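Trainee: Could you walk me through the salt bridges in this one? I'd like a close look at the charged pairs, with the cut-offs spelled out.

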Amino acid sequence: MKFFIDTANLNDIKEAYDLGILDGVTTNPSLMAKEGITGAENIRAHYKAICNIVDNNVSAEVISTDLEGMLKEGRELAKIDPKIVVKYPMTKDGVKAIKRFTTEGIRTNCTLVFTAGQAILAAKAGAAYVSPFIGRLDDISQDGVELIAQIRIIYDNYGFKTEILAASIRHTIHLIKCAEIGTDVVTCPLKVIMDLLNHPLTDSGLAKFLADHKKVNG
Ligand code: G3P
C-alpha cells in the first residue's frame with residue numbers, strides 16, 4: 001500500500017518524508033490556498049518545491065473546468081516535473097481530459113469521486129489514480145469505507161489498472177479499514193500518519209524497559 005500525504009505544507013511533507021514511509025503527495029486548490037500560494041508562477045514554484053522533497057507522485061489539480069482549458073493547464077502542470085500527476089475532477093470534460101492524457105502517457109488522478117459508477121468511468125478513461133473521498137461521504141451519513149470496498153471488487157473483476165487512492169481520510173480507523181479492503185493508496189494529513197505511531201502500552205512499555213535497564217546499569 002502506498003502512503004501519500006494530503007497537504008501543500010512543505011514542513012509537513014518533509015516530516016512525513018523523513019519518516020521514510022512517504023510515496024507521494026496530494027494537493028488540491030483548497031490546500032494550496034491554505035498555504036497562501038497565489039498566482040500561476042508561485043503555484044508552479046510551490047509544486048516544484050514539493051517535487052524536490054519527495055521521490056514521485058505529486059498530484060496537482062487544474063482549476064479550469066472546460067476541456068480546452070483543462071488540457072492546456074494540465075500540460076503546463078505536467079511540464080513542471082516528471083513526478084507530477086495531473087488531477088482532474090470527475091466531470092464530463094474531466095473524463096475526456098483523462099482519456100486524452102492517458103493516450104499521451106501523462107498520468108492523471110481523477111478526484112471528487114463519490115460513487116462506484118464514477119470510479120468505473122475514471123478507470124475506463126485510464127486514470128492512474130481514482131480518489132474517492134471517504135470522509136466527505138461519512139459527513140453526509142453515507143459509508144465512505146464501503147465505497148472503497150465496492151470499487152475494489154469492481155476493479156478486481158475486470159483487472160482495471162487504475163489505483164484506488166482513498167482520500168478525505170480523517171482518522172486512523174479510516175486508514176486501517178481501507179488497508180483491510182486492499183486500497184492501493186491512502187492519502188491523509190500528517191496527523192493521521194503520526195497517530196499510527198501511538199499506543200499507550202507502547203509508551204508505558206518503553207518507560208518500564210528503560211527503568212528496568214537503569215535499575216541494574218545505573
Ligand atoms: O485531497 C482531497 C481530500 O483528501 C480532501 O479531504 O478532509 O477536505 O475532505 P477533506
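Mentor: Here is a look at the charged pairs, with some context around them. Bear in mind that this is a predicted model, where local features need pLDDT of at least 70, side-chain atom pairs count only at pLDDT 80 or more, and totals for chains, interfaces and linings use all residues. Residues are numbered from 1 along each chain as its sequence is written, and side-chain values use heavy atoms, with hydrogens and water left out.

First, the setting. The protein has eleven helices and eight strands; these are DSSP runs numbered from the N terminus, H or I of at least four residues for helices and E of at least two for strands. Its C-alpha trace spans about 70 × 40 × 30 Å along the principal axes. Of the 218 residues, 46% are buried (buried is under 20% relative accessible area, exposed over 50%, partly exposed in between, with a 1.4 Å probe and protein chains only).

Now the charges. There are 25 positive and 27 negative side chains, with Lys and Arg counted as positive, Asp and Glu as negative, and His and the chain ends not counted. The centres of the two sets lie 3 Å apart, taking each charge at NZ of Lys, CZ of Arg, CG of Asp or CD of Glu. Side chains of opposite charge can pair when their charged atoms come close. The rule for a salt bridge here is a side-chain nitrogen of Lys or Arg within 4 Å of a carboxyl oxygen of Asp or Glu, and the count by that rule is 13.

Take Lys87 and Glu61, whose side chains meet with N to O at 3.9 Å. Lys87 belongs to strand β4 (residues 84–89) and Glu61 to strand β3 (residues 58–61), so this bridge ties together parts 26 residues apart in sequence. Both ends are covered: Lys87 is buried at 3% relative accessible area, and Glu61 is buried at 11%.

Next comes Arg170 with Asp139, where the closest N and O atoms are 3.1 Å apart. That pair links distant parts of the chain, with Arg170 in the loop between β7 (163–166) and α9 (172–181) and Asp139 in helix α7 (residues 134–139), 31 residues apart. Arg170 counts as partly exposed, because its relative accessibility is 41%.

Asp195 and Lys191 make a local pair, their closest N and O atoms 2.6 Å apart. They sit four residues apart in helix α10 (residues 190–195), so about one helical turn separates them. Asp195 is partly exposed at 27%, whereas Lys191 is exposed at 58%. Elsewhere, bridges with shared partners join Arg152, Asp156 and Asp184 into one network.

Ser131, in strand β6 (residues 129–132), is buried at 2%. Beyond its neighbours within four places in sequence, Ser131 touches Asn109, Cys110, Thr111, Leu112, Val113, Leu165 and Ala167, where contact means heavy atoms within 4.5 Å. Phe209, by comparison, lies in helix α11 (residues 200–217) and counts as exposed at 62%.
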